[in-house]
Amino acid sequence: MARIIGGIGTSHVPTIGVAYDKGRQDERAWQPLFEGYKAVAGWLAEQEPDALVFFYNDHCTTLFFDCYPTFALGVGERFQIADEGAGQRPLPPLKGDVDLQKHIAESLVNDEIDLSVFQGRPVDHGCASPLPLLWPHEPDWPGSIVPIAINVLQYPLPTARRCFRLGQAVRRAVESYPQDLRVVVVGTGGLSHQVHGERAGFNDTDWDMRFLDLFRDDPEALLNMTHADYVRRGGAESVEQIMWLAMRGALPGPLRELHRNYYLATSTAMAVTLYEQADGQQVRNAGEQAGVRRSAGNPQLAGIEGLDGTYPFDIGVSHKALTLNRFLWNLRKEDCRRRFHDDEEAAMAAAGLSDQEQSLVRSRDWIGLIRSGANFFAIEKFARTVGVSNLEMYAQMRGETFEAFMQTRRVPEAR
Ligand code: FE
């Protein structure tokens with residue numbers, strides 16, 4: 001069974017990444033910051049966790065306001081580090097464990113944390129700025145990450161208590177994963193800072209210290225604070241400290257603070273902290289007490305495998321067929337349809353479809369596409385592109401002629 005062995009709190013200021021990439025670790029201005037990470041990096045090297053669950057926020061890099069999720073979990077074997085305007089950073093793509101990510105997503109949703117899932121998208125500095133200070137990455141990262149993005153940009157944000165409950169649910173998810181993995185939870189953001197408006201540059205070190213003390217000793221005192229309270233005390237963008245509370249929710253009971261470093265150089269109070277549960281006890285988790293399932297798999301789908309002719313579209317299927325579904329989905333765009341009509345073979349090759357997928361598209365094999373993980377509503381775009389109706393697809397999927405299928409309908413002439 002997987003378990004959570006500790007927690008890390010860290011700022012994710014982009015300048016940390018810039019200074020790191022430029023090798024400024026020993027410069028007087030940066031040395032106090034980088035020194036502060038060494039104890040945590042040492043603990044990680046000693047503990048050798050398999051996975052880090054990262055509570056972070058996307059800064060309008062990979063996710064945009066046309067559809068901005070409150071909680072979004074990343075699924076993928078690799079995550080590119082986002083180019084945020086200054087070019088690609090010299091770091092390998094982050095690693096992911098799709099089975100673990102899928103399990104956590106299923107467990108969270110079944111635990112009534114309604115989250116989005118993203119795939120094939122890079123992660124930005126919210127996750128990638130502190131990571132190389134914590135983990136070695138030559139030639140590759142030593143473990144995987146589970147990125148969980150939290151909306152801290154566009155109000156309404158999740159409440160502090162909601163983030164804490166997300167963390168509690170993550171703990172239940174990790175502890176119901178059957179593989180024997182060691183997991184660390186990481187809360188990122190802050191501390192005090194404001195990056196916009198006439199109040200830009202606001203800091204309050206007294207509040208930062210108070211926050212860190214309450215975080216360790218009395219998190220309940222932080223859970224009823226409104227977003228306005230956080231903004232008033234720590235500056236507008238310090239509201240991202242609610243992401244630390246997600247980490248705290250995953251570490252119930254009293255904490256032992258093994259490390260705290262605080263450095264305020266220009267505009268953001270940069271902190272890094274390390275926690276283990278006090279006295280090393282494995283706190284019996286609330287999920288177990290509440291009888292929450294403790295096995296992998298989605299209980300809402302139990303028994304569905306016995307239902308013939310039905311293909312549930314879950315994260316595993318979606319992940320395997322992402323390239324195919326993206327190709328089909330893109331056919332909603334006029335220019336993609338034109339390219340497809342001009343040269344079908346070239347369009348499929350350019351989209352990176354496998355030989356088998358190309359064959360299914362070529363032969364308009366609707367049931368074959370479904371069995372290969374294509375989502376019906378992506379397939380619909382393809383069907384419209386080639387002038388096939390849904391009724392014609394249903395007939396083919398059932399293995400019937402169109403006329404025979406229509407004779408099974410109440411009003412066969414309604415076509
Ligand atoms: Fe941020």
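**Close-up views of a predicted model**

**View 1. The S9–S10 hairpin.** Strands S9 and S10 are connected as a hairpin by four residues. The model is predicted; local features are described only where pLDDT is at least 70 and side-chain atom pairs only at pLDDT 80 or more, while totals for chains, interfaces and linings use all residues. Residues are numbered from 1 along each chain as its sequence is written. Helices (H or I, at least four residues) and strands (E, at least two) are DSSP runs, numbered from the N terminus. The pairing of S9 with S10 is antiparallel and comprises nine bridges; two strands are taken to pair if DSSP finds at least two bridges between them. Within S10, Ala269 stands opposite Leu264. Strand S10 covers residues 269-277, and seven of its nine residues are buried, so the strand is largely enclosed by the rest of the structure. A residue is called buried if 20 or more other C-beta atoms lie within 10 Å of its own, exposed if 12 or fewer, and partly exposed in between, with C-beta atoms placed from the backbone.

**View 2. The eight-stranded sheet.** Eight strands form an open sheet of mixed pairing, in the order S6-S3-S7-S2-S8-S1-S10-S9. Strand S6 (116-119) and strand S9 (255-264) stand at the edges with a single partner strand each, so one side of each has no neighbour in the sheet. On average, neighbouring strands are turned by 20 degrees against each other, direction ignored. Strands of a sheet pair through backbone hydrogen bonds, either parallel or antiparallel. S1 and S10 are antiparallel and share four bridges; Tyr275 in S10 is the bridge partner of Gly7. S3 and S7 also run antiparallel, joined by three bridges, and Ala149 in S7 stands opposite Ala72.

**View 3. Helices packed on the strands.** Helix H3 packs on the sheet, where it touches S2, S3, S6 and S7, and its direction makes about 155 degrees with that of S3. Helix H10 (residues 242-249) lies across S1 (3-10), S2, S7 and S8, and runs at about 155 degrees to S8. Axes are lines fitted to C-alpha atoms, for helices over the stretch in contact, and angles run from 0 to 180 degrees between N-to-C directions. Two residues are in contact if their C-beta atoms, placed from the backbone, lie within 7 Å.

**View 4. The packing of H3 with H6.** Helix H3 (residues 98-110) packs with helix H6 (residues 160-175) at an angle of about 125 degrees, the axes being 9 Å apart. The two helices are therefore oblique to each other; angles under 35 degrees count as roughly parallel, over 145 as roughly antiparallel, 65 to 115 as roughly perpendicular and the rest as oblique. H3 contributes His103, Ile104, Ser107 and Leu108 to the contact, and H6 contributes Ala169, Val170, Arg172 and Ala173. Five of the contact residues are nonpolar, two polar and one charged. Here Ala, Val, Leu, Ile, Met, Phe, Trp, Tyr, Cys and Pro count as nonpolar, Asp, Glu, Lys and Arg as charged, and the others, Gly among them, as polar.

View 5. Most residues other than glycine have a negative phi, and most peptide bonds are trans. The peptide bond from Tyr155 to Pro156 is cis, with omega near 10 degrees; Pro156 lies in the loop between strand S7 (144-150) and H6. Gly190 and Leu191 are also joined by a cis peptide bond, with omega about 5 degrees, and Leu191 lies in the loop between strand S8 (182-188) and helix H7 (205-217). Cys60 is not a glycine, yet has a positive phi of about 60 degrees. Its loop runs between strand S2 (51-56) and strand S3 (71-75), and Cys60 is partly exposed because it has 13 C-beta neighbours inside 10 Å. Arg364 likewise has a positive phi, near 50 degrees, in the loop between helix H16 (355-362) and helix H17 (366-371). With 15 other C-beta atoms within 10 Å, Arg364 is partly exposed.

**View 6. The surroundings of Gly36.** Gly36 lies in helix H2 (residues 31-47) and counts as buried, with 20 C-beta neighbours inside 10 Å. Leaving aside residues up to four places away in sequence, Gly36 touches Asn261, Tyr263 and Val272.
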